[in-house]
Every structure is written in structure tokens, then in C-alpha cells.
Amino acid sequence: MNDDDVTVGPLSGPRPGQRAGTPGAGGGEPTGSEEAGRGVPDATVARLPQYLRALTVLAERGTETVSSEALAAAAGVGSAKLRKDLSHLGSYGTRGVGYEVARLVQQISEHLGLTQRWSVVIIGIGNLGHALAGYGGFASRGFGVVGLFDDSPAVVGKRVNGLVVRPLAQFEAAVADERPTIAVLAVPAAVAQRVCDRVVATGVSSVLNFAPVVLQVPEGVHVRKVDLASELQILAFHEQRRAALARAARLVPGAAPAGRGTSGEPEAAAVAGVVR
Ligand SMILES: NC(=O)c1ccc[n+]([C@@H]2O[C@H](COP(=O)([O-])OP(=O)(O)OC[C@H]3O[C@@H](n4cnc5c(N)ncnc54)[C@H](O)[C@@H]3O)[C@@H](O)[C@H]2O)c1
């Protein structure tokens with residue numbers, strides 16, 4: 001990892017005619033319109049992969065139908081939210097029976113655009129890019145890694161998972177030939193915007209950014225940002241709060257055990273006034 005991974009001032013404000021990719025839980029909220037696809041809210045789209053993962057497990061076990069409660073539990077969301085999400089896809093289930101697993105897999109896959117194969121290129125084949133390039137799970141989910149690019153002579157020419165790392169100088173020609181849809185950026189923060197501009201100039205319209213920098217892109221380009229450090233920080237926050245609640249409960253014998261909030265976290269209100 002690089003220690004020079006800082007968000008650089010001038011890169012953080014939107015440029016004229018551009019907008020910033022937005023980070024979100026476990027990745028980024030989709031950028032662009034409030035509604036994605038055919039009137040399906042972005043927040044719903046962001047949960048569809050969870051439902052699909054849970055449904056795939058059920059299908060592999062030979063389960064034919066599933067109740068909204070069981071599917072919601074398997075996906076880790078509330079059942080009311082799941083029913084609302086699926087209603088956006090026109091899927092309401094059958095009372096007393098639930099949802100047909102195979103049909104729902106098909107519907108969600110169609111909405112997510114997973115019934116076709118997407119080509120992906122990875123730029124920056126260092127520690128992270130190398131690991132991503134070697135990950136076998138993309139292919140089974142419909143994403144084919146077709147190109148690996150780096151600008152370091154130490155990396156260019158190496159073979160990772162059957163692909164030779166090419167110099168970034170060949171990127172434009174490769175895009176013209178291979179027409180990838182998605183570019184994964186695993187380059188240092190200091191160069192990420194420059195590399196992103198180059199990617200966007202070739203017509204690639206989806207970018208998955210791992211660099212800790214907010215990228216500016218023109219309208220019509222989607223950026224999602226993955227930030228594991230932010231996720232760890234959120235976990236640290238909850239750990240700290242849990243410890244504070246436990247301390248408070250010990251200080252106040254007989255205090256009601258902390259309840260659970262919607263996020264599954266103890267309710268601070270249970271010991272409000274004690275935790276300072
Ligand atoms: N989002 C996350 O959770 C997460 C986790 C780990 C790393 N990262 C980030 O991912 C990026 C890569 O991390 P790493 O540990 O693999 O770093 P690394 O230094 O091992 O790899 C970076 C690679 O990018 C290449 N590179 C540099 N400039 C380039 C350019 N202009 N064009 C093409 N390639 C170029 C380098 O040659 C190197 O191979 C960093 O920005 C890091 O902060 C993010």
C-alpha cells in the first residue's frame with residue numbers, strides 16, 4: 001500500500017460540468033440520478049445484490065419458494081423493506097407461498113444487467129490490483145476481466161491469472177479492441193484522477209475506484225468507491241459505543257439491558273444520561 005494516499009485538495013471539488021463519485025456503505029452509493037434503471041430507487045438497487053446472493057444459496061440448495069421473512073433474514077434486511085424493494089421490480093410474491101426463487105433470481109439478474117457478460121479492466125496491478133486480478137469470483141458473477149494495465153516496468157509483462165499486464169500506453173488501443181464497460185482503478189490516490197480522466201476519454205462509462213480520492217467525472221459516467229478503511233472506522237465506532245454502553249450498564253445496577261436499534265446496535269437511549 002502507498003502512504004501517499006491522501007485526498008488532494010484540488011481533486012476534491014467538482015469541476016465545471018462534472019460531478020463527484022459518492023462513497024457509501026461497503027462501496028459507494030450509485031452516482032447520478034436518484035432513480036436507477038426503470039424507476040427502481042438507488043437504495044433498492046444497492047440491496048438487490050444481497051437478495052441475489054441469498055437467493056443463489058437457496059437455489060443451490062434446491063429451494064423452490066421462499067417467504068419474504070426467510071429471504072429478508074438471509075439477506076440481512078427487514079422483511080417490510082424487502083417486500084417494498086421487490087415491489088419495485090413488479091415482484092409481489094404469493095400470499096402463503098412467498099416468492100418463486102428461480103423467477104426472482106431471473107428478475108433481479110435482469111434488473112442488475114447480469115444476464116449479459118460485462119468486460120472489466122483493472123488499472124494498477126500492485127498489491128490490490130494483483131489480488132483483484134487473481135480473484136475467481138468475478139467470472140462466476142458475469143464479469144470477465146479482459147485487461148490489466150500498469151505503468152511500472154517492474155509490473156508490465158508479468159502474468160496474473162492468465163493475463164499479461166500491459167503498459168498504460170496501450171490502454172486506448174486495447175479499449176478500442178476489447179470494449180470494456182467497467183474500469184477498476186487500483187492506482188495511488190495522487191494519480192487516480194489523471195488515470196480516471198484517461199479512462200473516461202476512451203468512452204468507458206463505469207469506474208470502480210479503490211483509491212482514497214473523490215473522482216470527478218462527466219455526466220453519464222458512474223463511479224463507485226470502495227473504502228475498506230471507512231468500513232473499519234464505522235465498526236470501530238460501534239465497538240466503542242458498545243463498550244461505553246457496557247460500562248454504563250455496570251455503573252447503574254438494575255439498568256434495563258440495552259435494546260436494539262434498527263441497525264442492530266444497542267439503543268443509546270437505554271442508558272441516556274449515563275454515558276458521557
Ligand atoms: N478501497 C480500499 O479499501 C483500499 C484497500 C487497499 C488499497 N486501496 C488503494 O488502492 C490503491 C492501490 O493500493 P496498492 O496497495 O495496491 O498500491 P501499490 O503501490 O501496491 O499498487 C499501485 C499500482 O499502481 C501502479 N501505478 C501507479 N501509477 C500508475 C499510473 N499512472 N498508471 C497505471 N498504473 C499506475 C503502480 O505501478 C502499482 O503497480 C491505492 O490508492 C490504495 O490506497 C484501497
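## Domains and overall make-up

The chain falls into three parts: domain 1 (9-26 + 117-226), domain 2 (40-112) and domain 3 (230-271). The model is predicted. Between the centres of domain 1 and domain 2, taken over C-alpha atoms, lie 31 Å.

Ten helices and 14 strands make up the secondary structure of the chain. The chain has 276 residues, and 27% of them count as buried. Take the contacts between residues at least 6 apart in sequence: 57% of these join residues at least 24 apart.

## The α2/α3 contact

Two packed helices are described by the angle between their axes and the distance between the axes. For α2 and α3 the angle is about 110°, and the axes are 9 Å apart. Angles of 65 to 115 degrees count as roughly perpendicular. The two helices, α2 and α3, are therefore roughly perpendicular to each other.

From α2, the residues Q50, Y51 and A54 take part in the contact. From α3, L71, A74 and A75 meet them. By class, the residues of this contact of α2 with α3 are five nonpolar, one polar and no charged.

## Helix α4 and its two faces

Helix α4 spans residues 79-88. Its buried residues are L82, D85 and L86. They cover an arc of only 95° around the axis, which puts them on the same side of α4.

After α4 comes G90. The phi of G90 is positive, near 80°.

## E178 in helix α8

Helix α8 covers residues 171-178, and E178 belongs to this helix. Is E178 buried or exposed? E178 has 12 C-beta neighbours inside 10 Å, so E178 counts as exposed.

E178 still has contacts along the chain. Leaving out residues up to four places away in sequence, E178 touches S119, V146 and G147. L71, one of the α3 residues in the contact with α2, lies elsewhere. E178 and L71 are 107 residues apart in sequence. In space, 38 Å separate E178 and L71, C-alpha to C-alpha.

Definitions and conventions: Residues are numbered from 1 along each chain as its sequence is written. This is a predicted model: local features need pLDDT of at least 70, side-chain atom pairs count only at pLDDT 80 or more; totals for chains, interfaces and linings use all residues. A residue is buried if 20 or more other C-beta atoms lie within 10 Å of its own, exposed if 12 or fewer, and partly exposed in between; C-beta atoms are placed from the backbone. Helices (H or I, at least four residues) and strands (E, at least two) are DSSP runs, numbered from the N terminus. The arc is that of the directions from the helix axis to the C-beta atoms. Two residues are in contact if their C-beta atoms, placed from the backbone, lie within 7 Å. Domain bounds come from an automatic or database domain assignment. Axes are lines fitted to C-alpha atoms, for helices over the stretch in contact, and angles run from 0 to 180 degrees between N-to-C directions. Angles under 35 degrees count as roughly parallel, over 145 as roughly antiparallel, 65 to 115 as roughly perpendicular and the rest as oblique. Ala, Val, Leu, Ile, Met, Phe, Trp, Tyr, Cys and Pro count as nonpolar, Asp, Glu, Lys and Arg as charged, and the others, Gly among them, as polar.
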